Amino acid sequence: MREENKHEDALGLHSHTKNEPLDLEYSDGILSQSLAPIDQGRRAWTVLIAGVIFEALFWGFPMCFGIFQNYYSTVPEFQKDNSKIPLIGTLAQSLYYLGAPFSAIITRTFPKYQRQQIWVGWLLCIVSLLAASFMKSVSGLTGTQGFLYGFGFVALSYPIVSMVNEWWVVRKGMAFGLISASSGLTGAFMPFIIESVLNKYGYQTTLRACAVALAVLTAPLLPLFRGRLPVAETSKVARIDWSFLKRPLFWFYGSAILIQGLGFFFPSVYLPSYAAAVDIPPMQGALLLAVMCIAQVLGQFTFGYLSDKRFSVDSLSITCCVSAAIAAFIFWGLAQSIAFLVVFSILHGFFGYGFGTMRVAMGRAVSDEQSTIFATYALFVFLQGVGNILVTPLSAALISSPPTHDHFGIGKYEGIVILTGTSSVLAGILIGVWLGFRIISNLYKQSN
């Protein structure tokens, strides 16, 4: 096997089975096999592009749930449980984050069933939307559009992440930046489509149409998902080296991600409400989210690309955190017009979401072992998702009423603006502490 494939051992390379992407070559009359190249070629790009499309389309429903929430609150049979409607969207999103380590473990433990895992997750998502269209209660929607959809989504995501991890090694930051940015692609236009169809046809027809559209758009991509590394039918996959859990760097990064996640999700939830409170028309409020999504795509691709160019992950992370905090304290907290909120949407989308792309670079800083990067990625996603779960209880505690235009955060939203900015600052400080410690340690070693 060629030297260029030296990364296989780190990922658990085993004997070949059928339908694996091997190249066959003749040399001196002998047939030899070699793995397809990393970071290039039709197969690598096919898996990455298919993954981006999958993540973009399936992220669309959790991202658009605010539209569904507003509509469900007007449906007579749902109004008696109006306070429970937000739980639907919370489940759909939080299961993706909190289920990440478990889906990753299943993917890693049963590698030869990765494609089947994608199929099962895909089918659960389609069925969940179809089933939700027949529900007449909030509890029914919670079980289908919430739990079942979130379970299917996290189930299909991590086999795709694993395959991208195999195909993209040197340019991993760029590849995962595109995967992470995929939700921004749908967030830029999908809410407008969903809102239009809901208002015209109602939730039952909308959910059925969405299920059919998802099936038609994504089913042709399912055969394209193939791992790069072969797995024997009877072999045991190499175990992940969990020794990285003993390294202080992992816990510094993990703590920073957890802290940043405590305030990260508030803008996407409350920006339209804030805009309405300062007398900005609803359509312009929706456009703010679209602007944020576009900035997210640019930011996550940019910082993923820069991390591949060996820019310091600490410096990039601190830049993201400090810039996002400044955006929150100045352009959100002091906003009284659409202009300030547009600037905030751009900065938070570019830098706030850009920080999320650092999960891969942080994993590489902890360990160069490719399977370890896959494990740290899932754990970092889990830690960020803790903030997603806490949005509802924290907002209930922090939001006061009524709005007062001459106060920071127009009074009503002062608490969540401060939490958004402060959590980002503290995450940057924590990484800065580690960076300072490392610099001092290096200087001490050089002096001796």
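Let's start in the loop between helix H12 (266–277) and helix H13 (282–308), where Asp 279 has its place. Helices here are DSSP runs of H or I with at least four residues, strands are runs of E with at least two, and both are numbered from the N terminus. Phi of Asp 279 is positive, near 65°, and the residue is not a glycine. For background, most residues other than glycine have a negative phi. Is Asp 279 buried or exposed? Asp 279 is exposed, with a relative accessible area of 65%. By our cut-offs, buried means under 20% relative accessible area, exposed means over 50%, and partly exposed is in between, using a 1.4 Å probe and protein chains only.

A quick word on where this comes from. This is a predicted model, where local features need pLDDT of at least 70 and side-chain atom pairs count only at pLDDT 80 or more, while totals for chains, interfaces and linings use all residues. Residues are numbered from 1 along each chain as its sequence is written, and side-chain values use heavy atoms, with hydrogens and water left out.

Now hop over to Ile 410, in the loop between H16 and helix H17 (414–447). Ile 410 also has a positive phi, about 45°, although it is not a glycine. Ile 410 is buried, though, with a relative accessible area of 0%.

Next, please look at Thr 372 in helix H16 (residues 370–398). Thr 372 is buried too, at a relative accessible area of 1%. Which residues does Thr 372 contact, leaving aside its neighbours within four places in sequence? They are Asp 241, Phe 244 and Ser 367, where contact means heavy atoms within 4.5 Å.

Let's zoom out to the whole protein. There are 17 helices and two strands. The radius of gyration is 23 Å, close to the 22 Å that the globule rule gives for 448 residues, so the protein is as compact as a globular protein of that length. That radius is taken over C-alpha atoms, and the rule is 2.2 Å times the number of residues to the power 0.38. Of the 448 residues, 52% count as buried. Among contacts between residues at least 6 apart in sequence, 82% join residues at least 24 apart.

Finally, the domains. The assignment gives domain 1 (40–229) and domain 2 (239–447), with bounds from an automatic or database domain assignment. Their C-alpha centres lie 22 Å apart. Across the two, 33 residues of domain 1 are in contact with 35 residues of domain 2. Thanks, everyone!
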